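Colleague: I've got this one open on my screen and would like to talk it through. Could you take my questions one by one?

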Amino acid sequence: MRGFQPRCDWRFILLRFFDSIPAMPLKIDVLTLFPRMLDGFLAESILGKGIEAGLLAVNVHDLRAWTTDKHRTADDRPFGGGAGMVMKPEPVFAAIEQLQTPGCRRIYLTPDGVPLSSKLALELSEQQHLVLLSGHYEGIDQRIRDTLIDQEISIGDYVLTNGTLAAAVVIDALARFIPGVLGEEKSLTHESFSSKLLDFPQYTRPAEFRGMSIPEVLLSGNHAEIEKWRHARQLEKTRRVRPDLLT
Ligand code: ADE
């Protein structure tokens, strides 16, 4: 039998070398007229910890920094008439042209975009660089959408006063898929939408509270029975609240 042979062929050395380089954290640039709306959101909770740990980097930019007139004008009246104001192309073009990198995904948050889903959030979490543009007023000049935007995303069939909260929702949804952000990877596996079923009910101590006791099976220690009970609750809730997920 041959003794221990150090692996020194070049393919092995290259693999070890690339393995030892930490993956670049996802970088997100947010362009908004209301940057302060994101202050608390980015500093708090799981997302704040993920940013602090360097698992993702989020830079929020005030679009008005790219205006050139003394009033810092970011909007104007629509050609052809109509109510409301439209975001001007010049500051948005200047901002995105400065921030974009080769291969980055430039996203516009808008109620007429593709709906955000768990699948899309996962796909976004695997990118290297996102530029999120949040709109305001009656919309943005179509030339921005035609030439600068790779994807338009909606967070639901309702209209917000601006897209900044929508950008926050996208960041929150994708951050949960970045390894290490949730801490306990397991918590992603059971939850709603990763399995197309809604979540099962959760309980914690005390087992009895104001006359309400928790389901007996959860105290049984019988893991197979607990799994069965949880799955039945998931099916029952999905049938009642989101039957479309079962078709
Ligand atoms: N901006 C305003 N409403 C929005 C929505 N529902 N989704 C994404 N961006 C928006």
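Colleague: Let's start with the sheet. Which residue stands opposite Leu132 in β6, coming from the β1 side?

Modeller: Bear in mind that this is a predicted model. β1 and β6 pair in the parallel sense, with 5 bridges between them. In that pairing, the residue standing opposite Leu132 is Val30.

Colleague: And on the β5 side, which residue stands opposite Leu132 in β6?

Modeller: β5 also pairs with β6 in the parallel sense, over 5 bridges. So β6 has pairings with β1 and with β5, if you follow the definition of two bridges or more. The residue of interest here, opposite Leu132, is Ile107.

Colleague: How many of the 6 residues of β6 are buried?

Modeller: For the protein chain as a whole, buried residues come to 19% of the 247. β6 is mostly covered. Its buried count is 5.

Colleague: Which element gives the most to the largest nonpolar core?

Modeller: That core holds 37 residues, and Leu132 and Val170 touch the most other members. At least two residues each come from β1, β2, α4, β5, α5, β6 and α7. With 7 residues, the top contributor is α7.

Colleague: What does Val170 contact, leaving aside its neighbours within four places in sequence?

Modeller: Val170 is one of the buried residues of α7, along with others including Ala167, Ile171 and Leu174. An α-helix has 3.6 residues a turn, so residues three or four places apart point the same way. Beyond its sequence neighbours, the contacts of Val170 are Leu116, Leu124, Leu132, Ile153 and Ile155.

Colleague: What is the distance between the end C-alpha atoms of α7?

Modeller: α7 covers residues 164-175, which is 12 residues.

Colleague: On to the ligand. How many residues of its shell are charged?

Modeller: The shell includes Leu109, Thr110 and Pro111, as well as Gly135, Ser154 and Tyr158. Strand β5 supplies its largest share, 3 residues. By type the shell has 7 nonpolar and 5 polar residues, and the charged ones number none: no charged.

Colleague: Is Met87 buried or exposed?

Modeller: Met87 lies in strand β4. Away from its sequence neighbours, its contacts include Ala74, Val92, Gly135 and Tyr137. Because Met87 has 21 C-beta neighbours inside 10 Å, and 20 or more is the cut-off, it counts as buried.

Colleague: How far apart in space are Met87 and Gly135, C-alpha to C-alpha?

Modeller: Gly135 is also among the residues around the ligand. In sequence, Met87 and Gly135 are 48 residues apart. In space the C-alpha separation is 7.5 Å.

Colleague: Last one: is Ser45 buried or exposed?

Modeller: Ser45, in helix α3, has a positive phi of about 60° without being a glycine. Arg72, in the loop between β2 and β3, also has a positive phi, about 55°, and counts as partly exposed with 14 C-beta neighbours inside 10 Å. Ser45 has 11 such neighbours, so it counts as exposed.

Terms used:
Residues numbered from 1 in each chain as written. Predicted model: local features only at pLDDT ≥ 70, side-chain atom pairs only at ≥ 80, totals over all residues. Near = placed C-beta within 6 Å. Helix = DSSP H or I, 4+ residues; strand = E, 2+ residues; numbered from the N terminus. Nonpolar A, V, L, I, M, F, W, Y, C, P; charged D, E, K, R; others polar. Expected span 1.5 Å × (residues − 1). Buried ≥ 20, exposed ≤ 12 C-beta atoms within 10 Å, placed from the backbone. Core = buried A, V, L, I, M, F, W, Y, C linked by C-beta atoms within 7 Å. Contact = placed C-beta atoms within 7 Å.
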